[in-house]
Amino acid sequence: MNSIETDKGSSLWKDAWIKLSKNRLALVGLGLLVILIVTSLLTPLIAPYGYEAQNLDMGATAPSLQHWLGTDIFGRDMLTRIMYGGRVSLMVGFIATAVALVIGILWGATAGFFGGRLDAIMMRIVDVLYALPFMIFIILLMVVFGRNILLLFFAIGAVEWLTMARIVRSQVMALRNQEFVEAASSLGLSQWTIIRRHIIPNTLGPVIVYTTLTIPSVMLLEAFLSFLGLGIQPPQSSWGLLINYGVETMEEYPWLLIFPGLALSLTLFALNFLGDGLRDALDPRTSKD
Amino acid sequence: MYRFALGRLAQAIPVLLIVITVTFFLIHSAPGGPFSADKAVPPEVIKALEEQYNLNQPIWQQYLSYLGDVIQGDFGPSFKYSGRNVNELIAAGLPITAELAFYAMLVALSVGIFAGVGAAMRPNTAQDYIPMTGAMIGICMPSFLLGPLLVLVFGIYLDWLPVSGWGDIPGDKILPSITLGTGYAAYIARLSRGGMLEVLSQDYIRTARAKGLREPIIIIKHALRGGLIPVVAFLGPAFAGLLSGSFVVETIFQIPGLGRFYVQAAFNRDYTLILGMTIFLSTLIILFNLLSDMLAIWLNPKLRQEIKGAN
């Protein structure tokens with residue numbers, strides 16, 4: 001019993017990896033995601049054409065050997081457009097999620113660790129914010145302050161931190177009363193050290209799971225706004241914007257809609273399957289049944 | 001229960017006040033006035049317009065008088081649609097959006113619950129995997145992609161259904177309702193599967209089975225009520241989602257509902273219309289959240305007991 005207790009930390013992660021590696025869909029999701037991230041990082045090097053390259057005389061052409069996914073009405077290579085658009089979409093997904101992560105963890109951990117009145121006030125603020133219709137507010141922000149990509153990160157991140165704060169708080173509250181935390185504080189460790197060394201590592205599981213599931217919902221939000229013309233603006237491009245352009249010409253050139261749509265859907269698919277797999281692997285409560 | 005409901009209702013009032021205040025000052029700090037797009041308008045005319053809309057008063061005075069009007073249910077005139085007030089525009093769009101949201105919810109609930117309960121009855125079989133994979137596709141296929149694809153296939157290639165409008169040609173309500181409802185059908189399928197799986201492993205279900213009750217009766221009479229609590233709790237957020245989803249669906253299918261008005265107002269910088277609609281939609285969403293919370297509590301005896309204990 002004691003020997004199990006001592007290496008519990010590493011065995012949780014090892015356990016999780018073993019469970020995850022048995023989940024084929026999650027592995028496919030992980031693989032797709034790795035390919036996607038590598039492609040995005042290397043896009044300027046491996047894209048078949050330049051981002052600005054266009055050929056007005058050629059116009060829209062169907063997929064061919066020269067242009068695997070065809071070209072748009074300005075003769076721009078679709079594969080290149082989708083690769084560059086994916087960079088923006090992924091970047092929004094990761095950065096906005098990171099914003100949400102930082103705010104949510106700090107807020108939730110503080111409320112959960114100190115408890116009492118501070119907790120009551122902080123969680124009351126979360127409750128009030130939860131009741132606000134954020135989609136409408138993001139649209140409002142984009143209208144009022146112009147369609148600025150930094151604002152988009154901030155606005156989306158500011159919406160998504162609420163659930164994270166709740167998850168972290170309930171985890172921290174459960175941990176706070178455990179013996180090993182009491183032992184640490186009776187050994188004279190400062191509260192900050194306890195939070196850093198004991199509380200945060202133990203909340204990582206649910207945080208990782210929720211993070212993986214937040215990224216696709218953030219990407220969806222960005223695509224939604226860009227589709228309406230309220231998100232990413234040209235000359236920058238994102239999958240939502242490409243879908244928007246694709247819709248305008250879908251009768252004549254359906255591939256201009258289908259390929260960016262496929263890219264977005266596959267990415268959401270990969271992230272959701274990976275998130276589900278991680279939840280089964282990391283969250284002891286859901287993996288029971 | 002009533003005290004709890006009243007307490008939650010009282011909580012909604014400061015939230016609404018925050019919404020009104022934040023929206024008001026946000027809109028009024030916007031660069032570029034509502035009339036800046038019309039370059040040909042001479043300055044005297046702009047001045048007259050500003051006077052007509054009280055834009056020349058100090059901002060706190062505008063705020064107070066607006067707050068007073070809103071409390072009386074008057075959202076004022078629209079900036080862009082001259083001669084019409086915001087109340088009229090909301091009244092024109094609301095029935096259409098409400099109908100669209102209703103049909104979409106109908107699609108979502110019927111397909112979602114059917115698929116989810118079916119999956120939970122035989123977990124880890126084809127009856128589970130096929131609808132759940134379908135649900136995953138539904139979640140990963142956002143309405144702004146699904147809608148155009150449906151239009152392309154059923155409207156243009158097959159030419160079975162109309163591709164735009166609402167109530168003009170028979171059948172033109174089908175594609176928008178499916179487009180808006182599919183994503184929620186997918187979520188509801190997952191939620192009802194999870195809820196049912198949990199309930200079906202409870203002792204009282206085993207008792208019912210031991211008594212020899214037939215499976216459909218166990219599901220309908222005993223399991224559904226508990227198993228669908230997660231779905232009921234999801235209805236509030238789903239309603240908020242349907243409203244913002246209607247922004248996209250109404251744009252794609254050119255439906256003259258609230259969503260399309262909102263997006264157009266956003267592009268036109270129609271101050272009063274955006275302001276009024278934000279407040280109106282927020283009120284609706286807050287009320288629906290409240291309702292779905294109440295319903296979830298009423299369905300769950302454990303939570304009911306807790307609230308009684310707290311009072």
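Predicted model: local features only at pLDDT ≥ 70, side-chain atom pairs only at ≥ 80, totals over all residues.
Of the 311 residues in chain B, 39% are buried.

The contact between the chains draws 29 residues from chain A and 33 residues from chain B. On the side of chain A that touches chain B, two or more residues are given by each of helix 6 (134-144), helix 9 (191-228), helix 10 (239-248) and helix 11 (255-282) of chain A, with the largest share, seven residues, coming from helix 11 of chain A. Divided by class, this side of chain A has 24 nonpolar, three polar and two charged residues.

Helix 6 of chain A, one of the elements on that side, has 10 of its 11 residues buried and is therefore largely enclosed by the rest of the structure. The buried residues include Phe134(A), Met135(A), Ile136(A), Leu140(A) and Val144(A), and as a group the buried residues of helix 6 pack against helix 7 (149-176) and helix 9 of chain A, together with helix 1 (2-28), helix 10 (229-252), helix 11 (258-268) and helix 12 (271-299) of chain B. Helix 6 of chain A is followed by Gly146(A), the phi of which is positive, near 80 degrees.

When its neighbours within four places in sequence are left aside, Ile156(A) is in contact with Ala96(A), Ile138(A), Val218(A), Leu221(A) and Glu222(A).

Ala96(A), Val218(A) and Glu222(A) also take part in the contact between helix 4 and helix 9 of chain A. The axes of helix 4 (residues 78-114) and helix 9 of chain A come within 8 Å and cross at roughly 140 degrees, and the crossing of these two helices is right-handed. Helix 4 of chain A contributes residues including Ser89(A), Val92(A), Gly93(A), Leu101(A) and Phe113(A), whereas those from helix 9 of chain A include Ile195(A), Ile199(A), Val207(A), Thr211(A) and Met219(A). The residues of this contact divide into 16 nonpolar, five polar and one charged.

Note on methods
Residues numbered from 1 in each chain as written. Chains lettered and ligands numbered in written order. Contact = placed C-beta atoms within 7 Å. Helix = DSSP H or I, 4+ residues; strand = E, 2+ residues; numbered from the N terminus. Nonpolar A, V, L, I, M, F, W, Y, C, P; charged D, E, K, R; others polar. Axes fitted to C-alpha atoms, helices over the stretch in contact; angles between N-to-C directions. Left-handed = near helix turned anticlockwise from the far one by under 90°. Buried ≥ 20, exposed ≤ 12 C-beta atoms within 10 Å, placed from the backbone.
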